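Subject: Model handover and notes

Hello,

Please find the structure below. My notes follow it.

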Amino acid sequence: MKLLDVEIAENKMIANGIYLLSFESEYLANAFKPGNFVNILVEKDSIYPLLRRPFSISFVKENKVFIGYKVVGRGTQILSQKKKGDTINVLGPLGNSFLVDRFDGKVAVVGGGVGIFPLLSLCHELKKARNEVDVFLGFRSRSDLFFVEEFKEVSDNLFISTDDGSIGYKGNAVEVFKTKIEEENYKVAFSCGPKPMLSALKSLNLTFKCYISLEEKMACGIGACLCCSIKGKDGNMLHVCSDGPVFDIMEVEI
Amino acid sequence: MLEVEISGVKLKNPIIAASGTFGFGREFSRLIDLNLFGGISTKGITLKKRAGNPQPRLCEVYGGIINSVGLENPGVEAFIKEELPFLRRFDTKIIANINGFNKEEFIELAKILSPFVDMIEVNLSCPNVKEGGMIFGKDPNRVYEITREVKKVSSCPIIVKLTPNVTDITELAKAAEKAGADAISLINTISAMAIDIETRRPLIKMVTGGLSGPAIKPIAVRMVYECFQKVNIPIIGMGGIMNYKDAIEFFLAGATAIQIGTVNFVNPNAVSEIKEGIENYLKDHGFESVKDLVGNIII
């Protein structure tokens, strides 16, 4: 990991309140593995927001790093106003990554809302490792859709669902995934999304491995502040930033 | 120019990593050179391993952060076995921050740790635990009693870390000095609270937590200044130091050394920037050493 001052190449709205930001960094593009995240200082010498903000790296293309985010508070609002050529300070790559292998059978990828972001490069790598990949993406509504074309390119089957049924299946991504479990022989599942979604996934008691990417408020992003601690199954404390963000769903309390 | 001394312990520079913000150094060592620090105050150590408080433990407020980590740590045995050998590799003084839930635990920890570290920081000020911590630290009699007992069993200098959550912090400073403390460090975080107005729930699971960051700096400077008038032992000042200018304020108010905490999260390079800034300030203002700045405020 390194501290880098980078110049924003592009920062555009791709859906309702959802942005995609990119910058050039040969180091990050090479060091990156799917699941990694970065800690971005959106404004130097700012006292509000004060802390860096963690964002997953969505994908890299040549030397360009792409970060997707949703405007939820002051930090992301300031970030959304940044223009091409503005400088931001980035700490990364941080955290562990998804296990990518050639699995002997189908692979399922389940994403909800902004949890979809880190899954795009994962799918890309899963396909590169010659897996058959089914992707389940859940959005609130038609106007919230993003990355659909991109996921089509890196999946064998793409299932879209919306909470209001305005496009695709009515319901969430886990419900759709559940209907496919019996007919498909999945060997492994990967997921990222809001906590209730992950909790629903856990309650399915899958017979195969399921890896999830978690999010928690954090200050340092490197394992020093212990603000992002979560409980492991044996009561041990795990840290989302340094032990994760990717965990075996059975190893953590959700 | 930058060297300072605290009860015979020479710090090559006056910048110490503040407890609770720096783990046991290992994490930051991947990013910065730990040799840059004059000292490192460890994550608070307890006798037994502790899981800490439930989530959420952190929220951001205007000019600062509120945390309620609750002393999550691996316990003293694991610290000595697994963390200390790593820290020892660096040319920086090691300060063990200790936390007891009764007097006996403080004594036990000091006995165990003092042969291994350069100094002990007795944390009588953690706001995020139900027993010990700030509960002891608010009462000058308890501060006196615990400091005196810890001092008796320690083979290294003792720093007593004070809480700002009192009417008059100088009463605690005087109690610590009277009991034989070699130095005091102040301030720990200020008890604070924030509420999400949409959910109407507190933003910290434990409802209240400790506020750190730039918002608390003027309070910390005032408290260092007040204590400097009342005690003759060295003061280690901290609270919202973000740059060298903040550090200079603390020296002028009466601090012999400073600790930096929250800034490490925002700018891991802060230590080298502050070090360089202090050096330049000394040169530009014709001072020969940091010692010349201590308490050198003009009223």
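In which loop does Glu62(A) lie? Glu62(A) is in the loop between S4 and strand S5 (64-70) of chain A. Helices (H or I, at least four residues) and strands (E, at least two) are DSSP runs, numbered from the N terminus. Although Glu62(A) is not a glycine, its phi is positive, about 50°. Most residues other than glycine have a negative phi, and most peptide bonds are trans.

Before the rest, the conventions. This is a predicted model, in which local features need pLDDT of at least 70 and side-chain atom pairs count only at pLDDT 80 or more, while totals for chains, interfaces and linings use all residues. Residues are numbered from 1 along each chain as its sequence is written, chains are lettered from A and ligands numbered from 1 in the order in which they are written, and side-chain values use heavy atoms, with hydrogens and water left out.

Confidence
The model has an ipTM of 0.94 and a pTM of 0.95. For chain B the average pLDDT (the predictor's confidence in each residue, from 0 to 100) is 96, and 99% of the residues score at least 70.

Cis peptide bonds
Tyr48(A) is joined to Pro49(A) by a cis peptide bond with omega near 10°. Pro49(A) sits in the loop between strand S3 (37-41) and strand S4 (53-61) of chain A. In chain B, the bond between Leu186(B) and Ile187(B) is also cis, with omega about 10°. Ile187(B) belongs to the loop between strand S10 (183-186) and strand S11 (190-192) of chain B.

Arg53(A) is in strand S4 of chain A. Leaving aside residues up to four places away in sequence, Arg53(A) touches Val38(A), Asn39(A), Ile40(A), Gly75(A) and, from chain B, Glu60(B); contact means heavy atoms within 4.5 Å. Arg53(A) and Ala219(A) are 166 residues apart in sequence, with 8.2 Å from C-alpha to C-alpha.

The contact between the chains takes 28 residues from chain A and 29 residues from chain B. About 2,500 Å² is buried between them, and carbon and sulfur atoms give 67% of that. Buried area is the accessible area (1.4 Å probe) that two parts lose on being put together, summed over both. Leu58(B), Glu60(B) and Phe265(B) supply 25% of the area that chain B buries against chain A, more than any other three residues.

Helix packing in chain B
Helix H3 (residues 103-113) and helix H5 (residues 140-153) of chain B have axes that come within 8 Å and cross at roughly 30°. Axes are lines fitted to C-alpha atoms, for helices over the stretch in contact, and angles run from 0 to 180 degrees between N-to-C directions. H3(B) is therefore roughly parallel to H5(B) (angles under 35 degrees count as roughly parallel, over 145 as roughly antiparallel, 65 to 115 as roughly perpendicular and the rest as oblique). Residues on the H3(B) side include Phe106(B), Ile107(B) and Ala110(B), and those on the H5(B) side include Ile146(B), Val150(B) and Val153(B).

H5(B) also packs with helix H6 (residues 169-178) of chain B, at an angle of about 25° and with the axes 8 Å apart. That angle makes H5(B) roughly parallel to H6(B). The contact is made by residues including Val143(B) and Tyr144(B) of H5(B) and Leu172(B) and Ala175(B) of H6(B).

Regards
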